[in-house]
Amino acid sequence: MSALAAEPGSFGNTDWDELVRVWEGTDAPEGSKVEIIEGIVTVSPPASEEHNDTAELVQRHLYTAIPDDWGVYQTLGLTCPETGGLFVPDLCVVPRAALRRGKRVPAGEAELVVEVTSKSNANHDRIKKAHGYAVAGVPLYLLLDAWQSGRPTATLYGEPENGTYRVLDSVEYGEELTLPEPFKLVLDTGIFPLG
């Protein structure tokens with residue numbers, strides 16, 4: 001993973017706009033993920049086959065549980081200028097109307113964000129992105145962490161308050177995890193590949 005730092009300080013409109021311009025102009029290899037995390041433009045290598053398979057399996061199940069006017073997106077940038085973040089989650093569920101309002105979708109428009117950790121940058125998903133999504137007010141954050149202390153774990157966070165989530169449920173891969181309303185979806189984490 002590589003990074004390009006922005007000037008330290010607050011993320012006012014001018015600094016934020018410049019940071020987004022740098023993000024937009026970053027020429028990364030095909031399949032790489034370019035994000036802004038705490039004011040730093042980061043480039044992650046393409047995800048592994050297991051990572052992509054996990055995201056696709058969750059996406060397939062989410063389509064059975066969402067209204068027709070919501071979508072499940074794999075490459076949608078979600079902005080959180082309050083924390084200097086522009087995240088590209090592995091999956092996010094967003095009402096389609098939010099995509100039609102302007103150039104960038106605020107993270108708070110998402111109903112659910114799903115991150116699948118990679119060994120090289122798992123702490124971004126566990127800490128920095130979780131904080132950003134909570135600050136933005138994303139109601140549900142699902143972290144699928146094959147690298148958690150040697151035990152693959154699925155953790156559902158919710159009830160964001162003051163930049164922090166409460167753990168709603170946490171299971172080891174192989175157990176079921178239930179997404180609450182408005183999804184009402186039971187995920188069998190035993191279908192996710194390890195690694």
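Q: What relative accessible area makes asparagine 162 exposed?
A: A quick heads-up: this is a predicted model, where local features need pLDDT of at least 70 and side-chain atom pairs count only at pLDDT 80 or more, while totals for chains, interfaces and linings use all residues. Residues are numbered from 1 along each chain as its sequence is written, and side-chain values use heavy atoms, with hydrogens and water left out. Buried means under 20% relative accessible area, exposed over 50% and partly exposed in between, with a 1.4 Å probe and protein chains only. Asparagine 162 counts as exposed because its relative accessible area is 72%.

Q: Where does asparagine 162 sit, and what is its phi?
A: Helices (H or I, at least four residues) and strands (E, at least two) are DSSP runs, numbered from the N terminus. Asparagine 162 lies in the loop between β11 and β12. Though not a glycine, asparagine 162 has a positive phi, about 55°.

Q: Which residue in strand β11 has a positive phi near 50° without being a glycine?
A: This residue belongs to strand β11 and is partly exposed, at 48% relative accessibility. Its phi is near 50°, and the residue is glutamate 159.

Q: How many residues of strand β10 are buried?
A: In a regular strand the side chains alternate between the two faces of the sheet. In β10, Leu140, Leu142 and Leu144 point one way and Tyr141, Leu143 and Asp145 the other, and all are buried. For residues 140-145, then, the buried count is six of six.

Q: What handedness does the β-α-β unit of β9, helix α4 and β10 have?
A: With the strands pointing away from the viewer, a crossover is right-handed if the path from the first strand over the helix to the second runs clockwise. Here the path goes from β9 over α4 (residues 122-136) to β10, and the unit is right-handed.

Q: Why is the pair of tyrosine 133 and tyrosine 141 classed the way it is?
A: Rings of Phe, Tyr and Trp (its six-membered ring) pair if their centres lie within 6.5 Å; planes under 30 degrees apart count as stacked, over 60 as edge-to-face and the rest as tilted. The structure holds seven such pairs. In this one the centres are 5.1 Å apart and the planes stand at 55°, so the class is tilted.

Q: Which phenylalanine pairs with tyrosine 173?
A: The ring centres are 5.5 Å apart and the planes at 65°, so this pair is edge-to-face. The pair links parts of the chain 19 residues apart: tyrosine 173 is in the loop between β12 and β13, and its partner is in the segment after β14.

Q: How far apart are the end C-alpha atoms of helix α2?
A: The expected span of a helix is 1.5 Å times one less than its number of residues. For the 14 residues of α2 (residues 49-62) that gives 20 Å, and the end C-alpha atoms agree, at 20 Å.
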